[in-house]
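Me: Could you walk me through this model before I set anything up with it?

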Amino acid sequence: MEYGLFLSFFVFLCIPSTGIYTSPNQSAAQEFIFSAFPYSWGSSVTCFIPLLFIYTFIVIGNLVIITVVQLNAPLHTPMYFFIGTLSFLEIWYTTATIPKMLASLLGEKTISLNGCLLQMYFFHSTGISEVCLLTAMAFDRYLAICSPLHYPTIMTPRLCAQLTLGCCVCGFITPLPEIAWISTLPFCGSNRLEHIFCDFLPLEIITAVMLIFMSYVGIVAVIVRIRSAEGRRKAFSTCVSHITVFLLFFGSVALMYLRFSATYSLFWDTAIALAFAVLSPFFNPIIYSLRNKEMKEAIKKHLGQKLGEWAGLCRIDRG
């Protein structure tokens, strides 16, 4: 499926400026059908159950990360502040698409034009906010490794809050002109979308990828110059989770949007869309919890406290 400048999923655009004429008697499409979903009940249920599990895991996993970061004083650092914010955005990023996917699997596979525009806006606004935040996280790791003596005075709580606010403002403002422009276009022709959610090509992705890539090139260059093997290991361990998330997220972005003239079958288009919108957010809580010693210890600590409280309450009830 080709992804054009505007809507990748519309088969036909009636734009008067291009010389394509729309008859006054022809009604523009106001509802679209997702044709990529299975239509048999058995296949729909087979897809519904794992997708529901993944969405539940994403929400609970990210809520655990947010809670642990907030309640654990040793984690009140710029790096974990950004991780907590990223987890918050991940919840809303997936909520923009997955609940509608679940509803489409078991019910009507349609979406209104206004619903499609809203889904595109929230999917891309939260996605662009994440891209900006990943850029801020790369900047944070660059300062921590390349300028460790100046890091505490530069990366202050105030700067962290300003960077986070700037990321969200940028994310939620950037898609507005594109969505507003798309909403003025009369869509006609087939209303069947060979996709699982509403989408268009975000042009700002390439700039963000280059900024993050250059930050990590600088980090790797500094790590390589560290003389001791132990020093290199410690320096690399502080940013390995971020690099993993970066490769996972932008790898799926590249397959989704930076395909240039390459075309895939409907099966592979759907698989790539799932990797981009579902699997990448699914692995993020695992990467930031299981591959992070401080996070693992904090989660174990709070789970132990909660289990102890529940056990104490059970003993009181029995007494």
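Me: Before that, what kind of model is it, and how are residues numbered?
Reply: It is a predicted model, in which local features need pLDDT of at least 70 and side-chain atom pairs count only at pLDDT 80 or more, while totals for chains, interfaces and linings use all residues. Residues are numbered from 1 along each chain as its sequence is written, and side-chain values use heavy atoms, with hydrogens and water left out.

Me: OK, how many helices and strands does the protein have?
Reply: There are twelve helices and three strands, where helices (H or I, at least four residues) and strands (E, at least two) are DSSP runs numbered from the N terminus.

Me: And how much of it is buried?
Reply: Of the 319 residues, 46% count as buried, where buried means under 20% relative accessible area, exposed over 50% and partly exposed in between, with a 1.4 Å probe and protein chains only.

Me: In what order do the strands sit in the sheet?
Reply: The order is S2-S1-S3 in an open sheet with mixed pairing, and two strands pair if DSSP finds at least two bridges between them. Strand S2 (110–112) and strand S3 (192–193) stand at the edges with a single partner strand each, so one side of each has no neighbour in the sheet.

Me: Which way do the pairs run, parallel or antiparallel?
Reply: Strand S1 (residues 31–34) and S3 run parallel, joined by two bridges, whereas S1 and S2 are antiparallel over three bridges. On the S3 side, Ile33 stands opposite Arg192 and Phe34 opposite Leu193; on the S2 side, Glu31 stands opposite Ser112.

Me: Which residues are on the covered face of S1?
Reply: Phe32 and Phe34 are on the covered face, and Glu31 and Ile33 are on the uncovered one.

Me: Switching to H6, what are its end-to-end numbers?
Reply: Helix H6 (residues 157–173) has 17 residues, which at 1.5 Å a residue should span 24 Å, and its end C-alpha atoms are 24 Å apart, which agrees; the expected span is 1.5 Å times one less than the number of residues.

Me: Which residues of H6 are buried?
Reply: They are Cys160, Thr164, Cys167 and Gly171. These residues cover an arc of only 60 degrees around the axis, which puts them on the same side of H6, the arc being that of the directions from the helix axis to the C-beta atoms. As background, an α-helix has 3.6 residues a turn, so residues three or four places apart point the same way.

Me: What do those buried residues pack against?
Reply: They pack against helix H2 (78–95), helix H4 (113–146) and helix H7 (175–183), with contact meaning heavy atoms within 4.5 Å. The face of H6 turned away from the buried side carries the exposed residues Arg158 and Leu165.

Me: Last topic, which side chains meet in a salt bridge?
Reply: Asp140 and Arg141 do, at 2.9 Å, N to O, and the count comes to one salt bridge when a side-chain nitrogen of Lys or Arg must lie within 4 Å of a carboxyl oxygen of Asp or Glu. Asp140 counts as buried at 1% relative accessibility, and Arg141 is buried too, with a relative accessible area of 7%.
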